[in-house]
Amino acid sequence: MEELVGLREGSSGKPVTLPELWGPCPRVRRGIRGGLEWLKQRLFCVGEDWYFLMALGVLMALISYTMNFAIGRVVRAHKWLYKEVGDGHLLRYLSWTVYPVALLSFSSGFSQSITPFSGGSGLPELKTMLSGVILEDYLDIKNFGAKVVGLSCTLATGSTIFLGKVGPFVHLSVMISAYLGHVRTKTMGESNAKELEMLTAAAAVGVATVFAAPFSGVLFSIEVMSSHFSVWNYWRGFFAATCGAFMFRLLSVFNSEQETITSIYKTSFRVDVPFDLPEIFFFVALGAICGVLSCVYLFCQRTFVRFIKTNRYTSKLLATSKPLYSALAALVLASITYPPGVGRFMASRLSMKEHLDTLFDNNSWALMTRNSSPPWPMEPDPQNLWFEWYHPRFTIFGTLAFFLVMKVALSFSCLFPIPHLICIPLLSLCPGIGHFQLSAAFPGPWPELPHLGFGPAGAAAFSGAVTHSISTALLAFELTGQIVHALPVLMAVLAANAVSQNCQPSFYDGTIMAKKLPYLPWIRGRKLGSYPVIVEHFMNRTITTLAKDMPLEEVAKVVTSTDVIQYPLVESTESQTLVGTVEKTHLVQALQTVTPGQQSCLQDILTDGCPTQPVTLQLSPETSLYQTHNLFELLTLQSLFVTSRGRAVGSVSWVELKKAISTLINPPAPK
């Protein structure tokens with residue numbers, strides 16, 4: 001390699017090497033090197049986490065934007081086909097229905113043929129994993145391709161199928177995070193201690209790269225994904241989510257879709273007097289209504305899930321031919337949303353984004369249609385998309401009410417065995433509630449009344465009540481780019497959650513219960529009812545201990561007759577003082593190497609090198625159920641031993657804890 005050369009000032013033109021050129025300036029060179037070293041230490045003082053999180057955010061933003069770009073092209077092709085087939089109802093009906101049927105059939109068949117874990121949103125399983133349960137192959141990289149292809153085909157059906165991408169994208173982000181973590185572990189020789197921290201940050205990235213909303217993405221990962229959150233992970237979530245959201249919106253600018261980085265559903269609400277004081281009552285009432293409706297929705301959703309799984313025909317169809325089940329369900333939904341038919345009253349010609357654009361606007365449709373009857377155009381007018389909601393006989397109230405009822409029913413398509421989630425559909429359903437109340441509460445000619453924030457308030461309240469989260473309020477602000485209705489929207493979300501959390505489990509917890517995933521339930525009223533219940537009331541008293549003075553013949557009998565992973569190790573048979581644990585696999589290996597006549601008790605093989613583990617955390621029989629539940633959730637534990645004055649008297653696992661919580665929530669009837 002040739003050495004760099006330069007010319008010294010005032011020389012005759014003879015080139016000199018770079019070290020000779022800088023030779024007269026040793027202090028400058030040392031200063032530059034020292035400055036670069038200082039900058040390197042300051043920028044990368046947290047190790048490689050910066051690189052990892054930035055790569056995760058940028059990579060997920062590229063995937064999200066590429067999927068949106070491809071899906072947009074397919075949706076436009078569907079609209080073009082529907083327009084070009086002519087006026088014949090048969091051809092138009094076929095062009096409207098065959099498209100989603102083919103896409104959903106392929107989505108279900110392709111994703112399920114690769115892995116069964118690619119169906120659904122993935123959020124209930126992720127909640128279970130973040131609580132300490134290991135689900136084998138759920139984060140395998142082969143699921144990634146199946147999820148991407150299946151989700152793209154699902155979303156390419158447009159508004160025909162009422163499904164969204166948030167949940168699957170959180171799953172995709174977590175899979176990428178797990179894969180990058182494995183690569184880093186192999187290349188740098190690190191342990192997997194950081195994997196759980198990175199999975200929580202990846203959940204925030206998944207939301208941020210869908211909505212370009214880093215703040216609500218981080219809060220979503222805290223509220224929904226984990227029961228306890230370490231403050232140390234806070235910066236990880238924000239940094240990765242900000243990188244992902246920034247790159248996602250920057251790609252829109254590079255592709256000339258936006259002039260600059262703006263919010264996705266930009267609104268223009270008044271900022272001088274955004275709302276009057278009496279309107280607070282209507283926002284709170286809207287939140288309460290959304291809370292009641294969310295309870296009805298969650299109850300109907302779980303009932304429908306049970307019906308699908310217990311019905312003889314649907315359960316058999318799901319077990320034997322998932323693509324056929326998806327095709328039949330897609331045909332029914334596409335027939336319902338056919339625009340010249342029932343879809344005329346649901347604005348079915350609008351895409352999901354156009355639904356939100358119209359429902360988030362700052363117009364009172366009742367006022368705009370009071371003295372005029374806008375025609376229903378042959379094609380949606382980009383400047384007046386709200387015309388799609390008007391019908392001269394049905395009126396705005398009729399179309400909105402019909403839209404709410406039908407979309408609630410259509411949202412049960414979340415039972416498809418395909419990658420999907422209902423978050424975006426809920427966001428387009430909830431503004432309909434807000435607009436309905438707006439038109440009903442303020443139908444009169446009050447042009448100066450700034451009652452224009454009911455759409456975002458309804459979106460935040462209903463979706464927050466269904467998911468039991470407050471971050472949807474912040475999501476509404478980040479989506480619309482305005483925070484002028486911060487107080488009333490937050491009050492609506494709190495009112496909706498107050499109703500929903502006292503009546504029904506969240507959508508994700510309900511799905512966990514329906515799928516029978518291993519997950520600890522919340523303790524309702526735990527500050528009152530869970531303290532009198534102590535470990536002694538529900539612990540498992542029949543535990544098998546191994547004493548150091550136990551003969552090897554008895555140890556071998558215990559090992560062969562029991563099916564446990566580890567045994568509690570006690571000092572002696574008489575004292576039963578807990579001193580540690582010993583793994584069954586290590587014990588079996590040690591017993592196989594025993595020389596007859598040389599070793600007589602367990603202490604001998606422990607001395608020869610059979611590894612043991614200390615018991616760093618124990619429960620007392622007087623520990624309350626609330627404290628035990630907190631420990632299991634905070635430390636992601638699976639089981640703990642119970643000791644009384646050092647003696648091993650029992651154990652508590654998830655089985656005993658869930659049974660105690662169930663008894664507390666639903667006490668048995670008195671005899």
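Leucine 126 touches Tyr138, Leu139, Val170, His171, Val174 and Met225, when residues up to four places away in sequence are not counted. In this predicted model, Leu126 is also, with Leu139 and Val170, among the residues with the most contacts inside the largest nonpolar core.

**Nonpolar cores**
- The largest nonpolar core has 65 residues.
- Helix H8, which spans residues 195–211, gives the most to this core, with 9 residues.
- A second, separate core has 21 residues, including Ala547, Met550, Leu552 and Leu606.
- In soluble globular proteins, nonpolar side chains tend to be buried together.

**Glutamate 125 in helix H5**
- Glutamate 125 is placed in helix H5, residues 123–130.
- Glutamate 125 counts as buried because its relative accessibility is 9%, and the limit for buried is under 20%.
- Beyond its neighbours within four places in sequence, glutamate 125 is in contact with Leu135, Tyr138, Lys515 and Leu517.

**Salt bridges**
- The structure holds 2 salt bridges.
- In one of them, the side chains of lysine 127 and aspartate 509 meet at 3.0 Å, N to O.
- This pair links distant parts of the chain, 382 residues apart: lysine 127 belongs to helix H5, and aspartate 509 to helix H21 (residues 507–515).
- Both lysine 127 and aspartate 509 are buried.
- Lysine 548 forms a salt bridge with glutamate 571, and their closest N and O atoms are 3.6 Å apart.
- Here, too, distant parts of the chain are linked, 23 residues apart: lysine 548 lies in the loop between strand E3 (546–547) and helix H24 (552–561), while glutamate 571 lies in the loop between strand E4 (566–570) and strand E5 (578–583).
- Glutamate 571 has a relative accessible area of 38% and is therefore partly exposed, since that class lies between the 20% and 50% limits.

**The hairpin of E6 and E7**
- Strand E6 (residues 639–644) and strand E7 (residues 647–653) run antiparallel and are joined by 6 bridges.
- Serine 639 stands opposite serine 653 in E7.
- The hairpin has 2 residues between its strands, and arginine 645 takes a positive phi near 55° there.

**A nonpolar patch on the surface**
- Leu90, Leu91, Leu94 and Val98 form a nonpolar patch on the surface, and together they have about 380 Å² of accessible area.
- One of these residues, leucine 91, lies in helix H4 (residues 89–114).
- Leucine 91 is partly exposed, with a relative accessible area of 49%.

Note on methods: Residues numbered from 1 in each chain as written. Predicted model: local features only at pLDDT ≥ 70, side-chain atom pairs only at ≥ 80, totals over all residues. Heavy atoms only, no water. Patch = residues over 30% accessible without salt bridge, like charges linked within 9 Å, V, L, I, M, F, W, Y side chains within 5 Å. Areas by Shrake-Rupley, 256 points an atom, 1.4 Å probe, with all protein chains shown as cover. Salt bridge = Lys/Arg side-chain N within 4 Å of Asp/Glu carboxyl O. Helix = DSSP H or I, 4+ residues; strand = E, 2+ residues; numbered from the N terminus. Buried < 20%, exposed > 50% of the residue type's maximum accessible area, 1.4 Å probe, protein only. Contact = heavy atoms within 4.5 Å. Core = buried A, V, L, I, M, F, W, Y, C linked by side-chain atoms within 4.5 Å. Pairing = 2+ DSSP bridges.
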